[in-house]
Each structure stands twice: as C-alpha cells, then as structure tokens.
Amino acid sequence: MSVSVNDLTDNELVNLISTHEYDEKLRIRADEVRQSVYGRDVYIRGLIEFTSFCRRNCLYCGLRRENRRERYRLTDEQIFGCCETGYSLGFRTFVLQGGEDAFFDDLHICKIVSGIKERFPDCAVTLSIGEKPRESYLAYKKAGADRYLLRHETADLAHYQKLHPPEMSLKNRMRCLFDLKELGYQTGTGFIVGSPFQTAETIVSDLRFMQKLQPEMIGIGPFIPAGGTPFAGYPAGELSLTLRLISIIRLMFPNALIPSTTALGTIHPKGREMGLAAGANVVMPNLSPTSVRKLYSIYDNKICTGDEAAECRRCLEKRVLAAGYRIVTDCGDIKNTNY
Ligand code: SAH
Ligand code: SF4
C-alpha cells in the first residue's frame with residue numbers, strides 16, 4: 001500500500017476495514033511508524049478499578065445498573081495503597097477507573113487526586129469516571145488530574161442509540177471530550193471493536209471523529225459479551241479486525257498513545273503481544289486488590305483477575321520483551337516529535 005491512510009476516502013477506508021484478514025504489510029508499516037516516534041518503549045499504566053457501582057445502563061456493559069451483581073468500592077486508603085504498591089513496581093501513571101458512582105462526588109474525587117499527587121509528585125493521574133459537567137472536569141484538573149479516558153464508543157448516532165438507553169446522548173459524550181481537551185487534559189477516546197450493529201461505515205465515522213478531536217490516547221478493544229446484559233448472546237469482536245484497526249490508527253495518529261488492551265488479551269492468549277506488534281505502545285495492568293478484581297466485571301472471563309500486582313508486572317515484562325519491546329519507568333506523556 002503506497003498511499004498514506006490519511007489520504008484515503010471514506011469508501012477506500014471502508015474497503016480497508018472490511019478486509020478482516022491479518023495484513024502483515026499494514027502491520028509492518030504501523031510498527032515502523034510507532035518505532036520512529038517511540039522506539040521500542042512501552043509505557044505502563046497502573047489501573048485502579050475503584051468502584052463497580054454505576055448509575056448508567058450502557059447495553060454492552062456488565063456494570064450497567066440493571067445488572068444484579070455484587071458491587072464494591074475501595075476506600076481512599078486502599079486506593080493510596082494500590083498506588084504505593086504500583087510506585088514500587090515502577091508505575092508512574094495511575095488510572096482511576098470506575099462506574100459513574102455518586103458516592104464519589106467531586107470533592108471526594110479531588111481529595112483522592114490531590115492525595116495521590118502529594119504522595120507521588122512525579123506521577124501522572126488519569127481519570128476514567130465517565131460523563132461529568134465541565135465544572136467537575138475543571139475541579140479535577142485543578143486538583144492535579146493530568147489525563148482523562150472517555151471512549152466515545154461510536155461516533156455514528158443511530159449506532160450510539162442502539163448501544164445506549166435513551167437518556168444517554170452522543171452529543172453529551174462529545175461535549176465532554178471537547179471540554180476535556182479545552183481544559184488541557186491529555187485526552188483519551190476510542191471505541192469497542194465488534195460491538196453489536198457496528199459496520200465498517202460506523203468505524204469510518206469513529207476515525208473521522210478522532211481526526212477532529214485529535215486525542216492524545218486512543219483505546220480500542222474487542223467487544224466481549226457480559227452475562228446479564230442485553231448483549232450477552234452476541235459474538236465477541238474479532239482479533240484480526242482489532243489488530244488491523246490498531247495498525248490503521250497508528251498510521252493515522254503516529255504520535256498517539258495506544259494501549260494494547262486487557263480485552264485483547266482476553267480473546268487471545270497472545271492478544272496483547274499482537275497488539276504491540278500491530279502498533280500499540282501502552283499496557284495497563286491491574287493494580288486493584290485481588291479481592292475485588294472479579295467483581296469489576298465489565299465483560300466475562302477477564303484475564304489476570306487472580307494475580308497480585310507484582311505478578312502482573314513480571315508477567316507483562318516477559319510478554320513485552322518476547323514481543324521485541326521494553327517496558328520503561330516513565331510518566332509516558334505523548335511525544336510531539338513530528339515523524
Ligand atoms: N464508566 C466509565 C469507565 C468504565 S467503562 C466509562 O464508561 O467511560 C470502560 C470501558 O469499557 C468503556 O468505555 C467501554 O468501551 C468498555 N466496555 C464496556 N463493556 C464492554 C464489553 N462488554 N466489551 C468490551 N469493552 C467493554
Ligand atoms: Fe457504567 Fe461505563 Fe459500564 Fe456504561 S460503560 S455502564 S458508564 S461502567
């Protein structure tokens with residue numbers, strides 16, 4: 001393929017996406033671009049899943065409020081404890097992720113964020129706690145939050161409405177993302193690959209939306225059915241399509257921070273290694289206490305639910321090395337070098 005993916009028309013992109021086969025040439029080009037910006041470095045983010053309560057009802061998600069599950073919240077001390085363990089293992093970014101849980105109001109989130117920054121001033125704090133008013137995002141920023149992850153999920157309105165209940169809107173999701181960018185967050189977005197009713201055309205809308213937003217981070221992972229949800233009977237997203245999309249996204253966004261997701265590791269034992277080889281440069285192992293890991297059941301059969309943080313870190317180190325890359329102890333900000 002000699003043309004740059006940035007020059008492709010929508011139709012050409014649809015064709016590129018529709019070929020679900022593994023494409024070694026595309027992969028090699030994406031890996032070259034990734035290496036020209038980030039070399040062989042892989043950034044690690046310590047994921048702390050601090051609450052499984054959620055007021056939302058996204059149809060695909062195991063944490064949706066109508067799903068009768070045992071729920072948990074971590075205490076502030078438990079969260080700081082996870083960071084401490086993570087810090088000693090070389091993590092310099094902590095990602096606080098959870099459902100939209102009113103128990104953690106803005107003041108409380110700010111207290112946790114500033115508490116982490118005070119204890120670990122050389123670390124970045126990333127939040128992934130859903131849709132909030134602009135004032136809340138501003139307050140978290142002032143408290144020290146550096147980054148925010150909020151996948152847009154799908155940029156196609158009709159598709160969005162099939163994945164979400166009527167009280168949720170694509171317009172608000174996008175408003176959140178533009179607010180986050182404006183407020184100076186390093187902003188992450190992305191979508192689920194192979195969600196029910198997704199087509200090559202809706203994926204092109206996703207790519208076009210991201211070209212407008214210019215996110216610093218782009219997370220994509222395969223859909224995995226979650227028990228007790230309306231989509232429990234739908235098939236999982238395809239490995240080959242996910243890898244292909246990682247490569248396309250790397251070529252479109254040479255500097256982006258792209259995680260090789262746990263969902264990818266869940267649908268294939270070597271999924272995360274393949275994600276790195278396809279152009280991803282971030283991994284996000286879990287730092288949550290093992291006692292609650294299984295309860296954060298966004299989807300079924302999630303990997304690593306029994307491993308201690310140190311074990312996860314060692315295991316990933318091996319996997320990353322085997323894939324030909326190396327984990328670095330670094331905040332891992334986006335590189336703005338023009339490739
Ligand atoms: N509540 C926050 C963060 C937690 S959900 C939010 O929604 O932004 C984190 C991500 O998990 C979601 O953005 C979604 O893309 C992904 N997810 C949810 N259910 C999934 C499923 N069944 N398969 C794969 N990914 C899923
Ligand atoms: Fe809640 Fe996020 Fe799951 Fe939606 S995707 S139900 S907001 S945890």
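Is Phe197 buried, exposed or partly exposed? The model is predicted, so local features need pLDDT of at least 70, side-chain atom pairs count only at pLDDT 80 or more, and totals for chains, interfaces and linings use all residues. Residues are numbered from 1 along each chain as its sequence is written, chains are lettered from A and ligands numbered from 1 in the order in which they are written, and side-chain values use heavy atoms, with hydrogens and water left out.

**First stop: the ligand**

Select ligand 1 and display its surroundings. Seventeen residues surround ligand 1, the closest being Tyr60, Gly98, Arg151, Glu153 and Ile224; a residue is near a molecule if one of its heavy atoms lies within 4 Å of it. Next, select Glu153, where a polar side-chain atom lies 2.5 Å from an oxygen atom of the ligand. At Arg151, a polar side-chain atom is 2.9 Å from an oxygen atom of ligand 1. At Gly98, a polar backbone atom lies 3.0 Å from a nitrogen atom of ligand 1. The protein covers 91% of the 540 Å² of accessible area that ligand 1 has on its own (Shrake-Rupley method, 1.4 Å probe).

**Second stop: Phe94 and Phe120**

Turn now to aromatic pairs, in which the ring centres of Phe, Tyr or Trp (its six-membered ring) lie within 6.5 Å; planes under 30 degrees apart count as stacked, over 60 as edge-to-face and the rest as tilted. The count comes to twelve aromatic pairs. Select Phe94 and Phe120: their ring centres are 5.8 Å apart and their planes at 65°, so the pair is edge-to-face. Phe94 belongs to strand β3 (residues 93-98) and Phe120 to the loop between α4 (106-119) and β4 (124-128), so the pair ties together parts that are 26 residues apart in sequence. Helices (H or I, at least four residues) and strands (E, at least two) are DSSP runs, numbered from the N terminus. Phe94 is buried at 0% relative accessibility, and Phe120 is buried at 7%. Here buried means under 20% relative accessible area, exposed over 50%, and partly exposed in between (1.4 Å probe, protein chains only).

Select Phe197, which is partly exposed, with a relative accessible area of 41%.

**Last stop: a cluster**

Finally, select Tyr137, Tyr140, Tyr148 and Tyr185, which form one aromatic cluster.

Notes:
A polar contact is a pair of N or O atoms within 3.5 Å; within protein, one must be able to donate a hydrogen and the other to accept it, and residues adjacent in sequence count only if both atoms are side-chain atoms.
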